[in-house]
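The following exercises concern the fold of one protein chain. Each task is followed by a solution in steps.

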Amino acid sequence: MDEVRNASPSSAEHPVLPKQPTQIKDQAVCSARQRRRNNKASQESLTEHTGTGSSTDSLQNDGMARPVFSSTASLENEHSAVDGRLCDSPREQEVGPSGTEKKSSDIDSPPCPSPAVEPCPASTSLRTANEIDGDCEDYDVVARGGLERLHRNHCDCPLSETMVSDNTSLNSMKSSFSVLNPIRPKDARNRSFLEGSVLGHGALLGAGELDRYFPERRVGVYIVTWNMQGAKELPTNLDDLLLPMDTEVAQDMYIIGVQEGCADRREWDIRLQEALGPYYVMLYAAVHGVLYLSVFIRRDLIWFCSEVEQATVTTRIISQIKTKGAVGVSFTFFGSSFLFLTSHFTSGDSKVYERILDYNKIIEALTLPKVIPDTNPYRSVLSDVTTRFDEVFWFGDFNFRLSKERAAVEAIIKERLGLDMSPLLQYDQLSKEMGDGSVFKGFQEAPIHFLPTYKFDIGSDVYDSTSKQRTPSYTDRILYRSRQRDDIKTVKYTSCSSIKTSDHRPVIGIFQVKLQPGRDNIPLGAGQFDRDLYLEGIRRRITRELKWKEAMKTQKTSSICSIS
């Protein structure tokens, strides 16, 4: 194409002298041969890149995909390439009255306009890829470069690779702004995700869907543990607990574990739903006495979860008293199995041995998984439930204390305020026992850079001022382990100092967890969530916003004064 354009007389700076008829005829024959050679070479180059020369195959290789925002000329050339005829410039293809092709040098009058492109759905769909509805605010992101990424992810899906029978529909799907995978009627008739497919290719939990939702194959997990001290009144606002402003994005999963929970557990879950808003739904809620465990997930991810299983363990001698023990939930997300476990160990400064017994009883007695298959049974140990899952998070009030006098601990706190707390943690009972291998074998904990979370006077930042004068301690912790090294990376590990309705401060952990593709041979959750809780939480959220707007309106009106 470039050689033909460069040789075109239309780009010459000086007029061309008249030529002899014989010379004109010879040049016309040579030009025609040259064009045929160029056309053949161009078509061969297209075939080498795409395999068949079809526009369908461009879906199979993202590296060869054309930019979405292309010019009209490039779109017309692409249309011609699809039809198998790569045209030269319009001025070199003008035709005389007799139907013979003329060279532009033989035409004295101004060139005629290019012939109209034949009606072709493929060409139309390519042109409409550039049309953006300005009324849609969401397309602002697309205009800033997001469209190319969405288009690439859309074209990379394995389903597109098999859809080669309908070029028009494929081109239409290729230009779509939707990130949803295209569905053929054949697939809609044959697929049944409830029973599932054991094939990795095209599976709901397979690599194609995983890469489309998580290109880096990492999911964001937000963990909260909080001893509520049986608070009768819940915090008026949970935004600082669940959606802190010092984080750039919200996470994909929210798991909230509570010890000594409030009397109305349902009210607590509604408050959580109200704070998280319409983007999240409750996947599951488990309870064991006053131990609560709530699992929220982004609503567009619930289809990739297996059924959720739960188990509980009581560590009290009298099993009817369920203030101490553990509750765990497990499920598979894509191909990775998760175990979330919250617990409350025996209290007391010197009862380290009792806490170790609590730990051993829980890992032996917690019966999970039940129906969901183990993703790697060869690495599981029957006597330890935490070895049966790919990713494990264990959090709660472990009640391990600082083995140091209160005066010395407070002196270190004042000296190390906001800095590395390792001088204080050298007296931490949990760190010592983990180092000795007595508890939480294989678990890790992120570095601690926050103050001890126990024990405060309610409603203040003052540590225990009662006659007992308890030593400030790190009783509330979040630990994790994984089968594969570096599967779990800590993004943030801190406490929430703004919630003061209990003698404990909540502890927050944000993690990025590596995911593996799975197969549809497991019992799927089929999108199940607590619909009634969702509706009530959103209703309260709307009511709260309306009240706030009304209060702002009233405040603005009352601030206007008149001068007489």
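**Exercise 1. State the secondary structure content of the chain and the confidence of the model.**

*Solution.* The chain contains 16 helices and eleven strands, where helices (H or I, at least four residues) and strands (E, at least two) are DSSP runs numbered from the N terminus. Residues are numbered from 1 along each chain as its sequence is written. The model is predicted, so local features need pLDDT of at least 70 and side-chain atom pairs pLDDT 80 or more, while totals for chains, interfaces and linings use all residues; side-chain values use heavy atoms, without hydrogens and water.

The mean pLDDT (the predictor's confidence in each residue, from 0 to 100) of the chain is 76, and 63% of the residues reach 70 or more. Over residues 1-17 the pLDDT is below 50, and this stretch has 18 contacts beyond near neighbours in sequence; a contact means heavy atoms within 4.5 Å. Residues 117-176 also stay under 50, with 89 contacts beyond four places in sequence.

Of the 564 residues, 43% count as buried, that is, under 20% relative accessible area, with exposed meaning over 50% and partly exposed in between (1.4 Å probe, protein chains only). Among contacts between residues at least 6 apart in sequence, 72% join residues at least 24 apart.

**Exercise 2. Determine the strand order of the six-stranded sheet and explain why one side of β3 and of β10 is left without a neighbour.**

*Solution.* Step 1: the order is β3-β4-β2-β1-β11-β10, in an open sheet of mixed pairing; two strands pair if DSSP finds at least two bridges between them. Step 2: β3 (280-288) and β10 (488-495) are at the edges with a single partner strand each, and therefore one side of each has no neighbour in the sheet. Step 3: neighbouring strands are turned by 15 degrees against each other on average, direction ignored; axes are lines fitted to C-alpha atoms, for helices over the stretch in contact, and angles run from 0 to 180 degrees between N-to-C directions. Step 4: β3 runs antiparallel to β4 (residues 291-298), joined by eight bridges, and Tyr284 is placed opposite Val295 in β4.

**Exercise 3. Describe the five-stranded sheet and its pairings.**

*Solution.* Step 1: this open sheet has the order β5-β6-β7-β8-β9, again with mixed pairing. Step 2: β5 and β9 (476-482) are the edge strands, each pairing on one side only, and the twist from one strand to the next averages 15 degrees. Step 3: nine bridges link β6 and β7 in the antiparallel sense, with Val327 opposite Thr342 in β7. Step 4: β8 and β9 are antiparallel over seven bridges, and Gly396 faces Arg477 in β9 as its opposite residue. Step 5: six of the seven residues of β9 are buried.

**Exercise 4. Which residues of α12 are buried, and what do they pack against?**

*Solution.* Step 1: α12 (residues 352-365) has 14 residues and spans 20 Å from first to last C-alpha, close to the 20 Å expected at 1.5 Å times one less than the number of residues. Step 2: Val352, Arg355, Ile356, Asp358, Tyr359, Ile362 and Ile363 are its buried residues. Step 3: these cover an arc of only 155 degrees around the axis, so they lie on the same side of α12; the arc is that of the directions from the helix axis to the C-beta atoms. Step 4: Tyr353 and Glu364, on the other side of α12, are exposed. Step 5: the buried residues pack against β5 (309-314), β6 (325-333), β7 (336-344), β8 (391-397) and α15 (429-436). Step 6: α12 lies across β5, β6, β7 and β8, at about 145 degrees to β5.
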